[in-house]
Amino acid sequence: MDPRIKIPVLALIGLSLTECGKDDTIVGTWTAIQVDMEKFPMVEMMDGYSSRFGAELRVEDDLSGDFGYYAAYSMDGVGVRQEQRFGVTVDDDDAPRYHISIDYVPDVQSEPPGVPYEGPVPADAMGPLGSLRARSIPLAAETSPYFDCELAGDRLDCTLTGVGEPGSAPAEWHFVRKSEEG
């Protein structure tokens, strides 16, 4: 082996072992993998029917972005997808701990814009899973909800406060960084 090749190879191995260059910023797209003790996205399948419920957090370079959740339903080959998105603002003064304010407006907005929300209330929407959804989704919060998060590599562990019944415990959210490939 040519000695000129050994040095770059050793340098790359050393960098990979020290995790140098590892993404240590909150900027990016994050997919919820767990809320409280429930695996996300939630998937239910029965004869001819399926549903999928998930959430995503996107943070831009300027520390703005959005948090959204979706519900996709399919019955006998006909599908419907509903999505709700809320703007977010990230406070990174204490990085790798972050405070993420959700720009929540009590008037529920729907996708596409301008179509009034006529869906079920959160507790009715998911049947037995409704209580989790009601504690996790900011549809009727009296104050603006927020995440307090800690970043550890490609994992973001958060508590969501300001949703659910007054005095209820904050919901625990766990996100992973979504790869650029999809």
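Reply: Buried means under 20% relative accessible area, exposed means over 50%, and partly exposed covers what lies in between (1.4 Å probe, protein chains only). The model is predicted: local features need pLDDT of at least 70, side-chain atom pairs count only at pLDDT 80 or more, and totals for chains, interfaces and linings use all residues. Residues are numbered from 1 along each chain as its sequence is written, and side-chain values use heavy atoms, with hydrogens and water left out.

First, the setting. Helices (H or I, at least four residues) and strands (E, at least two) are DSSP runs, numbered from the N terminus. The protein has three helices and 10 strands. From the N terminus, their order is α-β-β-β-β-β-β-β-α-α-β-β-β. Of the 182 residues, 30% are buried.

The part to look at is strand 8, residues 146-152. Its side chains alternate. Phe147, Cys149 and Leu151 point to one face and are buried.

Next, the neighbours. Two strands pair if DSSP finds at least two bridges between them. Strand 7 (residues 97-103) runs antiparallel to strand 8, and five bridges join them. Here His99 stands opposite Asp148. Strand 9 (residues 155-161) is also antiparallel to strand 8, with seven bridges between the two. In strand 9, Leu160 is the bridge partner of Phe147. Two residues lie between strands 8 and 9 in their hairpin, where Gly153 takes a positive phi near 70°.

Now stay with Phe147. A contact means heavy atoms within 4.5 Å. Leaving out residues up to four places away in sequence, Phe147 touches Phe67, Tyr98, His99, Ile100, Ile102, Cys158, Thr159, Leu160, Trp173 and Phe175.

Several of these names return among the aromatic rings. Rings of Phe, Tyr and Trp (its six-membered ring) pair if their centres lie within 6.5 Å; planes under 30 degrees apart count as stacked, over 60 as edge-to-face, and the rest as tilted. That rule gives eight aromatic pairs. Phe67 and Trp173 are an edge-to-face pair, because their ring centres are 5.5 Å apart and their planes stand at 80°. Phe67 lies in strand 5 (residues 64-75) and Trp173 in strand 10 (residues 171-177), so this pair ties together parts 106 residues apart in sequence. Both Phe67 and Trp173 are buried.

Phe147 and Trp173 also form an edge-to-face pair, with 5.8 Å centre to centre and 85° between the planes. Phe147 belongs to strand 8 and Trp173 to strand 10, so this pair links parts 26 residues apart in sequence. Phe147 and Trp173 are both buried. One aromatic cluster takes in Phe40, Phe53, Phe67, Tyr69, Phe147, Trp173 and Phe175.

Last, the core. In soluble globular proteins, nonpolar side chains tend to be buried together. A nonpolar core is a set of buried Ala, Val, Leu, Ile, Met, Phe, Trp, Tyr and Cys residues joined through side-chain atoms within 4.5 Å. The largest one has 31 residues, and Phe67, Phe147, Trp173 and Phe175 touch the most other members. Elements giving two or more residues to this core are strand 1 (28-35), strand 4 (49-59), strand 5, strand 6 (78-94), strand 7, strand 8, strand 9 and strand 10. Strand 4 gives the largest share, four residues.
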